[in-house]
Amino acid sequence: MVLLSATNRPEILDPALLRAGRFDRQVLVDRPDRAGRVQILKVHMKKIVLAPDIGLDDIAALTTGFSGADLANLVNEAALLATRRRGKVVTMDDFTHAVERIVAGLEKRNRLINPREREIVAYHEMGHALVSMALPGVDTVHKVSIIPRGIGALGYTIQRPTEDRFLMTEAELRDKIAVLMGGRAAEELVFGHLSTGAADDLARATDIARSMVARYGMDADLGNVSYETDRGTFLGGSTPGYFERSYSEATAEALDRAVREVLRGVSARAMEILTDNRAILERAANRLLEVETLDEAALQDLTRDLRPHAPKREKVASPER
């Protein structure tokens with residue numbers, strides 16, 4: 001007899017279940033890589049009629065991080081979009097719009113936004129886009145829009161990874177934070193004040209900075225020490241329960257200072273990029289206000305004169321005497 005079981009929480013299983021002769025074989029089913037996504041898409045696309053120019057590899061490139069269930073949902077959404085427009089085949093545009101719908105949520109064109117808030121959102125989203133485009137090696141900006149989506153998103157900037165990534169350097173993590181802080185920097189630069197629109201950006205940027213100094217040992221003063229471990233998640237949410245801290249109060253204060261320094265330095269870098277490219281920011285934001293959505297080609301055309309930001313030199317540790 002063979003007994004199979006599955007769980008999303010292997011860390012809470014009773015060790016007695018994993019003894020030899022019981023559940024003594026563990027098979028990890030991770031998210032598929034690019035080649036795996038192509039094979040999964042082939043299975044689900046047998047049910048629909050595709051346009052001749054559809055490239056499975058192109059769709060797989062758009063769906064980095066998608067699970068098998070996400071890919072099945074993507075194919076269904078694309079087919080529904082084609083049906084609504086009375087199309088005979090499912091096109092690449094249908095898949096692109098389906099990805100946006102899954103990632104950013106449903107469009108809320110009936111949501112009324114006053115002109116002042118709409119202007120702030122336009123500059124905020126272009127801040128994200130311009131910082132991303134000015135930094136080498138950052139994921140390509142696929143689309144920028146000020147059409148509200150989902151529950152609370154007044155606009156969105158979608159970046160498209162060109163490949164699956166499993167490791168990130170300190171410089172790449174700083175660039176990622178800079179892109180997140182670009183929207184807030186644009187608001188401060190243009191309007192001279194801050195808004196609540198950057199709340200999610202700040203939370204994500206803080207999580208990355210915290211991981212850099214507390215988990216990855218990327219602060220020279222704190223040293224090559226991991227002060228915190230991955231707490232894990234329960235079905236995509238936070239793990240309930242008390243988090244036990246294994247370091248002193250002085251270390252906690254040092255960690256907090258290090259996180260603030262990372263965010264302060266990277267925010268200044270985002271501000272510098274936007275200040276150097278202020279004219280392009282104004283031009284692109286005004287265009288975004290006119291058309292509401294800018295795709296990759298339109299962004300490239302608007303930012304032909306964008307001044308790239310050279311990466312900063314990595315700090316080299318001085319030899320011990």
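A residue counts as exposed when its relative accessible area is over 50% and as buried when that area is under 20%, with partly exposed in between. What you have here is a predicted model of a protein with 10 helices and five strands. Buried residues account for 37% of its 321 residues. Take the contacts between residues at least 6 apart in sequence, and 70% of them join residues at least 24 apart.

- Two packed helices are described by the angle between their axes and the distance between the axes.
- For helix H1 (residues 34–44) and helix H3 (residues 68–84), the angle is about 45° and the axes are 10 Å apart.
- That angle makes H1 and H3 oblique to each other, and their crossing is right-handed.
- On the H1 side, the contact is made by Arg37, Ile40, Leu41 and His44, while H3 brings Gly68, Leu71, Ala72 and Val75.
- Sorted by class, the H1 and H3 contact has five nonpolar, two polar and one charged residues.
- H3 also packs against H4, this time at an angle of about 120° with the axes 8 Å apart.
- H3 and H4 are therefore oblique to each other, and the crossing of this pair is right-handed.
- The H3 residues that meet H4 are Asp70, Asn73, Leu74, Val75, Glu77, Ala78, Leu81, Ala82 and Arg84.
- Facing them from H4 are Asp94, Phe95, His97, Ala98, Val99, Arg101 and Ile102.
- In the H3 and H4 contact, nine residues are nonpolar, two are polar and five are charged.
- Val75 of H3 turns up in the contact with H1 and also in the contact with H4.

**The nonpolar cores**

- In soluble globular proteins, nonpolar side chains tend to be buried together.
- In this model the largest nonpolar core has 53 residues, and Met126, Val131, Ile177 and Val213 have the most contacts inside it.
- At least two residues of this core come from each of helix H5 (115–134), strand S1 (140–145), helix H6 (170–191), helix H7 (199–214), helix H8 (249–276), helix H9 (278–291) and helix H10 (296–302).
- H8 gives the largest share of this core, with 11 residues.
- Setting aside neighbours within four places in sequence, Val213 is in contact with Asp219, Leu222, Tyr227, Leu255, Ala258, Val259 and Val262.
- There is also a second, separate core of 21 residues, and Met45, Leu71, Leu74 and Val75 are among them.

- Alanine 61 sits in helix H2 (residues 56–62) and counts as buried because its relative accessibility is 13%.
- Which residues does alanine 61 touch, not counting those up to four places away in sequence? They are Arg34, Arg160 and Pro161.
- Alanine 61 and proline 161 are 100 residues apart along the chain, yet their C-alpha atoms are separated by 7.1 Å.
- Threonine 303 is in the segment after H10 and is buried, with a relative accessible area of 7%.
- Leaving aside neighbours within four places in sequence, threonine 303 is in contact with Leu130, Met133 and Ile280.

**Loop residues**

- Back to arginine 86: you will find this residue in the loop between H3 and helix H4 (92–104).
- Arginine 86 is not a glycine, but has a positive phi of about 60°.
- Glutamate 292 has a positive phi too, near 75°, and is likewise a residue other than glycine.
- Look for glutamate 292 in the loop between H9 and strand S5 (293–295).
- Is glutamate 292 buried, partly exposed or exposed? Its relative accessible area is 25%, so glutamate 292 is partly exposed.
- Histidine 193 lies in the loop between H6 and H7 and is partly exposed, with a relative accessible area of 32%.
- Not counting residues up to four places away in sequence, histidine 193 touches Arg116, Ile120, Glu187 and Glu188.

Terms used: Residues are numbered from 1 along each chain as its sequence is written. This is a predicted model: local features need pLDDT of at least 70, side-chain atom pairs count only at pLDDT 80 or more; totals for chains, interfaces and linings use all residues. Side-chain values use heavy atoms; hydrogens and water are left out. Axes are lines fitted to C-alpha atoms, for helices over the stretch in contact, and angles run from 0 to 180 degrees between N-to-C directions. Helices (H or I, at least four residues) and strands (E, at least two) are DSSP runs, numbered from the N terminus. Angles under 35 degrees count as roughly parallel, over 145 as roughly antiparallel, 65 to 115 as roughly perpendicular and the rest as oblique. A crossing is left-handed if the near helix is turned anticlockwise from the far one by less than a right angle, and right-handed if clockwise. Contact means heavy atoms within 4.5 Å. Ala, Val, Leu, Ile, Met, Phe, Trp, Tyr, Cys and Pro count as nonpolar, Asp, Glu, Lys and Arg as charged, and the others, Gly among them, as polar. Buried means under 20% relative accessible area, exposed over 50%, partly exposed in between (1.4 Å probe, protein chains only). A nonpolar core is a set of buried Ala, Val, Leu, Ile, Met, Phe, Trp, Tyr and Cys residues joined through side-chain atoms within 4.5 Å.
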